[in-house]
Amino acid sequence: MISFIIALLLLIVGYFTYGKFVEKVFKTDYNRKTPAVVNPDGVDYIPMPWWKLFLIQFLNIAGTGPIFGAVMGIMFGPSAFLWIVFGCIFGGAVHDFISAMISIRQNGASLTEIVGSQLGKGVKTIMLLFTIVLLIMVGAVFVSQPAALLHGLLPSISVTLFAVIVFAYYILATLLPVDKIIGKIYPIFGFIFIFMALGLLFSIFRTNAPIPEVWENLKDMHPKNLPIFPMMFVSIACGAISGFHATQSPLMARCITNEKYGRRIFYGAMITEGVVALIWAASASSFFASMFPDCANGIEALQKYAAQGHETAEIVSAICKGWLGTFGGILAIIGVVVAPITSGDTALRSGRLIVADFLHFDQKPLWKRLAVALPIFAVTFLVMNLKSDVLWRYFAWSNQTLSIFTLWACTVYLFKEHKNFFITIIPAMFMTCVCFTYILSAPEGFHLNYTLSVACGILVAVVFLGIFIYWAKNYRKQNLKSINQ
């Protein structure tokens, strides 16, 4: 329990200290007019109050990642608490904030436009394809998951019918102006999601949950002996750092009315997601302890429960119903359903905006929105037919890999602006190593020798650093020449 309390406090303190430091590094300008103020279009560029944008951003990035990812990640042991805290403060929140602020400075530019402006047209094209594939996978995954959970609540209605309903909602949310559906219902969804998290937090203290301490169990505890590095760092994505978030931030960058709200909306939403992930990791690591008193700790009890054939969704359901009662459990499960839906709809909306920006296709007329969105809907529908576990594994890796592009682009931007780029280059190198090690060693990847994979991951990160240093030297030389001329 002490580890959990310290972790919670560190996340909160991190927002007010390191978050403030990162804001100063970027040098937010309270007098600079934002895209929503300069060129509102009534569809995507619509001025909205910061608290609404915070809730929308939080729900956009949350999904089931900080819930399902935290449950799967805590099976590696309490080291998951460390990754959630430090990954969130120094990685995820910085990644989200800097990329969002760059978007604001570039007239609400989508992620591919940001990456292209910093890393070149070739990388921009690769980024476009990679990002669209990821967003389609997000849309597909976040149709099947809530449909399955809703079917569990109402077995009389088929999973297929629920999937059709969810997908129909996605179509509307993608096409209609951002303030018509998203801006109106997200505050309600946000209340349900926050109720779920606070309810579990209260239950943790009420029951004096036996949460394992970090210093007593800082070892690999995964039942299948999967290595903590890089597997845990990929399993817990949305609660620590997630490339998907940078695809969502431009939606809010086009609606923010003043840069002074940037830290609250973007850094703050990521810290909040870290808190949610921490609560779920703590809940999963302690809830099943009383069910299996023969186990040494709650994590082993969780592993035993999962080994009996219970899927992650069933684990989540058991925790909600067990600690919050029938009514609270239903509301909590609805909160879990809301999370993926509010990420799936904005994922497809982001896909529409990214393609439209790339093609320079005006999105104010409805028929032009349809022209861009219909092919995305069609491909998403086809991808939905793949197995969800396969989709999730590739989504998790693609998600983390996307953060590499974003962090290196942010590093280049900060360097060009003569700002402290170390805040992004360190997490960029770390995530480069994580993602390359994962794809080389994972069963769904190349399944190479673990030691060789780690060595190659480190080597690739060092090579990327070398490329950056070489580029930086040339960039400085060119600037000096232009100044002298």
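Helices here are DSSP runs of type H or I with at least four residues, strands are E runs of at least two, and both are numbered from the N terminus. Residue numbers start from 1 along each chain as its sequence is written. What you see is a predicted model, where local features need pLDDT of at least 70, side-chain atom pairs count only at pLDDT 80 or more, and totals for chains, interfaces and linings use all residues, while side-chain values use heavy atoms, with hydrogens and water left out.

I'll start with the whole chain. The protein chain has 19 helices and 0 strands. Its radius of gyration is 22 Å, close to the 23 Å that the globule rule gives for 485 residues, so the chain is as compact as a globular protein of that length. That radius is taken over C-alpha atoms, and the rule is 2.2 Å times the number of residues to the power 0.38. Along the principal axes, the C-alpha atoms fill a box of roughly 75 × 50 × 40 Å.

Of the 485 residues, 60% count as buried. Buried means under 20% relative accessible area, exposed means over 50%, and partly exposed is in between, with a 1.4 Å probe and protein chains only. As for contacts (heavy atoms within 4.5 Å), among those between residues at least 6 apart in sequence, 83% join residues at least 24 apart.

Arg 352 is found in helix H15, residues 312–359. Why does Arg 352 count as buried? Because its relative accessibility is 0%. Leaving aside residues up to four places away in sequence, Arg 352 touches Asp 44, Thr 174, Gln 363, Arg 369, Val 372, Ala 373 and Ile 376.

Thr 174 takes us to helix H9, where the buried residues include Thr 174, Phe 162, Val 166 and Tyr 170. H9 covers residues 159–175 and reaches 25 Å from its first C-alpha to its last, close to the 24 Å expected at 1.5 Å a residue. The expected span is 1.5 Å times one less than the number of residues.

Last, some backbone details. The loop between helix H10 (182–206) and H11 holds Asn 208, and Asn 225 lies in the loop between H10 and H11 too. Phi of Asn 208 is near 50°, a positive value in a residue other than glycine. Asn 225 is not a glycine either, and has a positive phi of about 60°. Are they buried or exposed? Asn 208 is exposed at 55% relative accessibility, and Asn 225 is exposed with a relative accessible area of 67%.

In helix H11, residues 228–235, we find Pro 230. A cis peptide bond joins Phe 229 to Pro 230, with omega about 5°.
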